[in-house]
Amino acid sequence: METIKNNLKIIKEKIKKATLKANRYPEEIKLVAVTKTATIEQIKEAISAGVKIIGENKVQEAKEKYHILSTDIEWHLVGHLQTNKVKYAIEIFDCIHSVDSIKLAEEIDKRSLQFGKTTNVLVEVNVSGEETKYGIKPEKVEPFLKETSEFSRIRVRGLMTIAPMAEDKEDVRPYFRKLRELSEEIKSKNLKNVKMDYLSMGMTEDFEVAIEEGANMIRIGRGIFGFH
Ligand SMILES: *Cc1c(COP(=O)(O)O)cnc(C)c1O
């Protein structure tokens, strides 16, 4: 039962090391604990060990956990969102990391209005251009944001990406750097309803490189709930 607590300690030490290397502070980094392999007991253990943000891949699974675990934690959707699930997603999530189409943004806006909230979202960017990945192409992000900025019930808070698999951690660095540069470029345009507060990038295998390149939200699953 001590495993998760210990895993979290290891992750936090690595976060500290990576931030020091990049002349940043560990407090800048928000840790999203991604629960796709975890049981309720494990999630409870993570929460009691200090986890504040839970990351979910599927709306249905989040619905089941939400009622059991609904304490003062934040719920983030990190997995792909289908338009027909938006209605439920709105009721659960404080932030949706995976907005990648106008149709989806429009539905989030509509359902948020009905539910009486404004939803924080990140735009998922396919930096690597892999066909198997969700996300908007980097050069399409600015025109996309110009359209979504008209939706009053959506607050764009930043960008998210998933790096390609790589043997060598250094191979993913250019993708993280590119997302950071894109976010800086967008920030400088001061678009209506668009903030670039968060860069959600970095998972168990690559979060240290992501932090060195400017991530301030990292999404860790196996590093917390798995075994290494
Ligand atoms: C599973 C998942 C993660 C966590 O991945 P690990 O390699 O287990 O840390 C992060 N982000 C997304 C979108 C995921 O699907």
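User: In this predicted model, what share of the 228 residues in the chain is buried?

Analyst: Buried residues account for 49% of the 228 residues in the chain, where buried stands for a relative accessible area under 20%. The accessible surface of the chain is about 11700 Å², and carbon and sulfur atoms hold 49% of that surface.

User: Which residues have the most contacts inside the largest nonpolar core?

Analyst: In soluble globular proteins, nonpolar side chains tend to be buried together. Here the largest nonpolar core has 62 residues, and I108, L145 and L159 are those with the most contacts inside it. Helix 1, residues 3-21, gives the most to this core, with five residues. Another core, lying apart from it, has nine residues, including I53, L122, M160 and M217.

User: Which residues is I108 in contact with, once its neighbours within four places in sequence are left aside?

Analyst: With those neighbours left aside, the contacts of I108 are L81, V86, I90, I96, V99, T119, V121 and I154. Q114 is exposed, because its relative accessible area is 54% and the cut-off for exposed is over 50%.

User: Where does G158 lie, and is G158 buried or exposed?

Analyst: G158 lies in strand 6 and counts as buried, because its relative accessibility is 0%. Apart from neighbours within four places in sequence, G158 is in contact with V121, L122, V123, K195, M196 and Y198. For G158 and Y198, 40 residues apart in sequence, the C-alpha to C-alpha distance is 4.6 Å.

User: How far apart in space are E167 and L145, C-alpha to C-alpha?

Analyst: E167 and L145 are 34 Å apart in space, C-alpha to C-alpha, and 22 residues apart in sequence. E167 belongs to the loop between strand 6 (154-160) and helix 7, and with a relative accessible area of 86% it is exposed, whereas L145 is among the residues with the most contacts inside the largest nonpolar core.

User: Which value of phi does N23 have, and where is N193 placed?

Analyst: Phi of N23 is near 55°, a positive value in a residue other than glycine; N23 sits in the loop between helix 1 and strand 1 (30-34), and it is exposed, with a relative accessible area of 74%. N193, which is not a glycine either, has a positive phi of about 65°, and its place is in the loop between helix 7 (173-189) and strand 7 (194-200). N193 is partly exposed, with a relative accessible area of 25%.

User: How many positive and negative side chains does the chain have?

Analyst: The chain has 39 positive and 37 negative side chains, and 3 Å separates the centres of the two sets.

Notes:
Residues are numbered from 1 along each chain as its sequence is written. This is a predicted model: local features need pLDDT of at least 70, side-chain atom pairs count only at pLDDT 80 or more; totals for chains, interfaces and linings use all residues. Side-chain values use heavy atoms; hydrogens and water are left out. A nonpolar core is a set of buried Ala, Val, Leu, Ile, Met, Phe, Trp, Tyr and Cys residues joined through side-chain atoms within 4.5 Å. Buried means under 20% relative accessible area, exposed over 50%, partly exposed in between (1.4 Å probe, protein chains only). Helices (H or I, at least four residues) and strands (E, at least two) are DSSP runs, numbered from the N terminus. Contact means heavy atoms within 4.5 Å. Accessible areas come from the Shrake-Rupley method with a 1.4 Å probe; for residues, only the protein chains shown count as cover. Lys and Arg count as positive and Asp and Glu as negative; His and the chain ends are not counted. The place of a charge is taken as NZ of Lys, CZ of Arg, CG of Asp or CD of Glu.
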